[in-house]
Amino acid sequence: MRLSRYFLPVLKETPAEAQIVSHRLMLRAGMIKQASAGIYSWLPLGYRVLTRIARIVNEEQQRAGHIPMLMPTLQSADLWKESGRYDAYGPEMLRIRDRQDRDMLYGPTNEELITDIFRSHVTSYKDLPLTLYHIQWKFRDEIRPRFGVMRGREFLMKDGYNFDVSKEAAMHAYNRHLVSYLRTYERMGLQAIPMRADSGPIGGDDTHEFLVLAETGESEVFYDSEITDLKFGDRAVDYDSEVECQAVLEEFTSRYARTDETHDEALFMEIPEERRRVARGIEVGQIFYFGTKYSDAMGATVQTADGQKVPVHMGSHGIGVSRLMGAIIEASHDDKGIIWPEGVTPFHCGIVNLRQGDAGTDAACEGLYKALQAKGLEPLYDDREERAGAKFATMDLIGLPWRITVGPRGLDKGVVELTCRRTGESEEMSAEAAAAKVAEIYAPHHGHADAMVEPMADRSFHTWL
């Protein structure tokens, strides 16, 4: 991508309606534009990050053995009336009537729809366990949408649903999801702490939320500081092993960590005082086991080996894909702009030409651009007729992790300058060495998927990414 041909409507001033850092920076960096309250258009730079986040989610879901599909945004109210949730869900649900006077709704979640799919096609215990998921746009009519994509009305979400023949098998699915979520968040440069939470309108007793610590978080959280020392890393886990998945769950949930809805002051006070922490957190995902709540209500059963029909045990598991972008920015920024982790950056490297139109610097930048592409990377080349300060400010604002600066003085010495956005440290080296080093930095972020990755769902067309 060449910046002279790209659509990047950066803003010099912060819009008055932006209250938190992520909202301010997403607007200033030309990533989103508000269409109406709590609803945003995703401009090219923001859309690139959104697709990278969705791709990581897809890769880790499929690594865990979960099967991608796609359900519609609009659902029939009949299924929700059957489950008993249509009237109970509340005003957050957008209810619609079509031209045939049928009650419809814009899906806030998909338990009913997936249960209907399951009961229509699965009848035997031999087809279990089964976990289906999709990444799709949701709508919840928040009374006060605010904080940009952090609390919008329309949002992109991964929601998955497991079907199992027993509670024990369903709890293994629960643990499997917890492991896959830990991997997912760490690949995005985040530490998301699993915390005992409230199930809300989804239902069920077993549930954990994943929260990223941030001053602007909407939830008050209470935790043992030891939990922040835990890292999942790149360890190999057999997702079919109940023992291995249970061990990870115990490792990451045995210390006290709860949201304000489930906080137990007496248990909290048992933690040594120096390890007690009270902070704020951003919810970026949640896992639930709710047993036979929906299968009982909607007749989703399987026949067991002895010929009995039993309701399946279910759970649902969500990741806020669009909300994650805001959480990443809240956790990774400075006073100049965003600092993208390598796993989700919209472009792997920025190239800044300090003297556009000079034959030598133009040729060197073109060579770098092609060399990075040849290594499988996607650079953003700032080839505009702009002064150097403006180019640096743009690169700092949009937050690419690495920048290569090319100028005539450096080229006279046979070097370019490679700068790390996070530390601000720069190093002079040949253009070939700079391209090789950037490729080396990104090597751990390639090749994660064990299977072909399915696309995320676009609003209007299904764009295969």
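**What I am working with.** My notes concern a predicted model, in which local features need pLDDT of at least 70 and side-chain atom pairs count only at pLDDT 80 or more, while totals for chains, interfaces and linings use all residues. Residues are numbered from 1 along each chain as its sequence is written, and side-chain values use heavy atoms, with hydrogens and water left out.

**The sheet of 3 strands.** I followed the open sheet that holds β6 and wrote down its order as β4-β6-β5, with antiparallel pairing. Strands here are DSSP runs of E with at least two residues, helices are runs of H or I with at least four, and both are numbered from the N terminus; two strands pair if DSSP finds at least two bridges between them. β4 (74–76) and β5 (94–97) are the edge strands, each with a single partner strand, so one side of each has no neighbour in the sheet. The twist from one strand to the next averages 35°, where axes are lines fitted to C-alpha atoms, for helices over the stretch in contact, and angles run from 0 to 180 degrees between N-to-C directions. I then looked at β5 and β6 (residues 103–106), which pair in the antiparallel sense over 4 bridges, and I found R95 opposite L105 in β6.

**The turn of the hairpin.** β5 and β6 form a hairpin with 5 residues between them. In the loop between these two strands lies D101, which has a positive phi of about 65° although it is not a glycine. I noted beside this that most residues other than glycine have a negative phi, and that most peptide bonds are trans. With that in mind I also looked up the peptide bond from L128 to P129, which is cis, with omega near 5°; P129 is placed in the loop between α4 (111–121) and β7 (130–139).

**The sheet of 5 strands.** Another open sheet has the order β20-β19-β21-β22-β23, with mixed pairing. At its edges stand β20 (379–382) and β23 (426–429), each with a single partner strand, so one side of each is left without a neighbour in the sheet. Neighbouring strands of this sheet are turned by 20° against each other on average, direction ignored. β22 (residues 416–420) pairs with β23 in the antiparallel sense over 4 bridges, and T419 stands opposite S426 in β23.

**Salt bridges.** How many salt bridges does a search of the whole structure find? The search gives 29, counting a side-chain nitrogen of Lys or Arg within 4 Å of a carboxyl oxygen of Asp or Glu. In one of them the side chains of R48 and E378 meet at 3.3 Å, N to O. R48 lies in helix α2 (residues 44–63) and E378 in the loop between α10 (359–374) and β20, so this pair ties together parts that are 330 residues apart in sequence.
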